[in-house]
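Dear colleague,

I am passing the structure below on to you, together with my notes on it. Please read the notes with the coordinates open beside them.

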Amino acid sequence: MFIHDNISANDKNHLVMGGCDLCYLADKYKTPLYVMDEEKVRDNMRAYKNAIEDYYNSNGMVLYASKALSNLYMYKIAKEEGIGVDVVSGGELYTALKAGFDASKIYFHGNNKTYDEIELGIKSKIACFVADSINELDMIDRISGENNTVTNVMFRIKPGVDAHTHEFIATGQIDSKFGFAIENNEAYEIIKYAKNLKNIMVVGIHCHIGSQIFELEPFCEAARIMIKFMTKVKNELGVNIKRLNLGGGFGIKYVKEDTPVVYPKYIEAVSKVLKEECEKEGVDLPYVLMEPGRSVVGDAGVTLYTVGSIKEIKDVRKYVSVDGGMGDNPRYILYEAEYDAAVANRADAKEEEVVTVCGKCCESGDIIMKDAKLPKLKSGDILCVMSTGAYNYSMSSNYNRICRPAMVFVSGGKEKLAVKRETYEDLIRNDLM
């Protein structure tokens, strides 16, 4: 009945997740409300961790790509599950450290790291920086020298693989703000340059071909290209690449038509390619890193809204307004993202009409679901939008001075408030007059 098997209905005809009645949560914590299934998050982490153990004989590590959902409680979960994390800003790094996360399992990405961010990473003794430009590399070298240390560095490489995804989340092609391209030799030249920097230890290479990908072959092709590149720099530059980070990008189910691959299948398929290519090229199998983000938290989350005004424009469209919008979920206005939804207070309600679910922001593009087939909604209904665990809270804003929602984790019939709802006082906290 529902697109995810962790959603069910109880005898009140209310939606249930993690053993908790979603209508009860909406009433207690108010809407909009982010709700995360903690066991689903942990199960997803374990699926990747177990796959690394099975297919690479534990010669690797899962890094949770925390840009998908970053807060103290998420880092606490990742720490307890024994995986690493990928951060892309000083703020994410600071949050991870405040959560007590082991700095030796933190990798720092990003295409324009500042001096302060690099200094924080070096002083915190993180595992590695993933360098994205020569300017950044020089800065890491300089700050490392100032701190009398040698810093581990990987390089983000563009393998030139077409990932068949939205152009805003495709990152493996040459025309991307990220990384160094193999095609024009800049990847080779940056490693040649880096090997002579006295405060830099070149330990690996990284690639990320895009997001929300449902195919295996792009990941396999990227793996082939990266092994060939590793072999080239070893033979010609004498640089032995010991770590290979193949990124993330594994697709999740947003709507019924989506057909994601079972996550360990990605790792199994790529492991076969890596082993074959390493044997063919005569190089050692590297320590393999993977960076799932969306596929760890995306399908574990829902957002609850209260339906407000309903406006039908005859022969045009029916608009159903909710008490949230692009401030808590900007993915439609960015990517025209699609979602599935159900009515939390009428779990068995059948899809009857096509409507557009819109938010309360003063923008025509403030839409959650466009032309979606849903049950007949009425004011006061609790609408449950599925698969909102990734990039909703992370990309949320205070546009129109609207407060960000609270976030609750559920598990075994118990709820844990992980993020408090913002107040009007929070909105003006940093304002001056």
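Predicted model: local features only at pLDDT ≥ 70, side-chain atom pairs only at ≥ 80, totals over all residues.

Residues are numbered from 1 along each chain as its sequence is written, and side-chain values use heavy atoms, with hydrogens and water left out.

Strand β4 (residues 33-37) runs antiparallel to β14 and is joined to it by four bridges, with Val 35 having Val 302 as its bridge partner in β14. Strand β19 (residues 382-386) also pairs with β14 in the antiparallel sense, over five bridges, and here Thr 303 stands opposite Val 385 of β19.

Strand β15 (residues 317-322) is antiparallel to β14 and is joined to it by five bridges; Lys 311 has Tyr 319 of β15 as its bridge partner, and Ile 313 has Arg 317 of β15. The hairpin of β14 and β15 has three residues between the strands, and in it Asp 315 takes a positive phi near 65°. The pairing continues from β15 to strand β17 (residues 353-358), which runs parallel to β15 and is joined to it by three bridges, with Thr 356 of β17 as the bridge partner of Tyr 319.

There is also an open sheet of three strands, in the order β1-β2-β3 and with antiparallel pairing, whose edge strands, β1 (7-9) and β3 (20-21), each pair on one side only. Strand β2 (residues 15-17) is linked to β3 over two bridges in the antiparallel sense, and Met 17 stands opposite Cys 20 in β3.

Turning to the helices, the axes of α5 (residues 115-123) and α6 (residues 134-146) come within 10 Å and cross at roughly 50°, the axes being lines fitted to C-alpha atoms over the stretch in contact, and the angles running from 0 to 180 degrees between N-to-C directions. The two helices are therefore oblique to each other, given that angles under 35 degrees count as roughly parallel, over 145 as roughly antiparallel, 65 to 115 as roughly perpendicular and the rest as oblique. The residues in contact (heavy atoms within 4.5 Å) include Tyr 115, Ile 118 and Ile 122 of α5 and Met 139, Ile 140 and Ile 143 of α6.

Finally, a search of the whole structure finds 27 salt bridges, each defined as a side-chain nitrogen of Lys or Arg within 4 Å of a carboxyl oxygen of Asp or Glu. In one of them the side chains of Glu 81 and Arg 46 meet at 2.8 Å, N to O. Glu 81 lies in the loop between α3 (72-80) and β6 (84-87) and Arg 46 in helix α2 (residues 38-56), so the pair ties together parts that are 35 residues apart in sequence.

Key:
Pairing = 2+ DSSP bridges.
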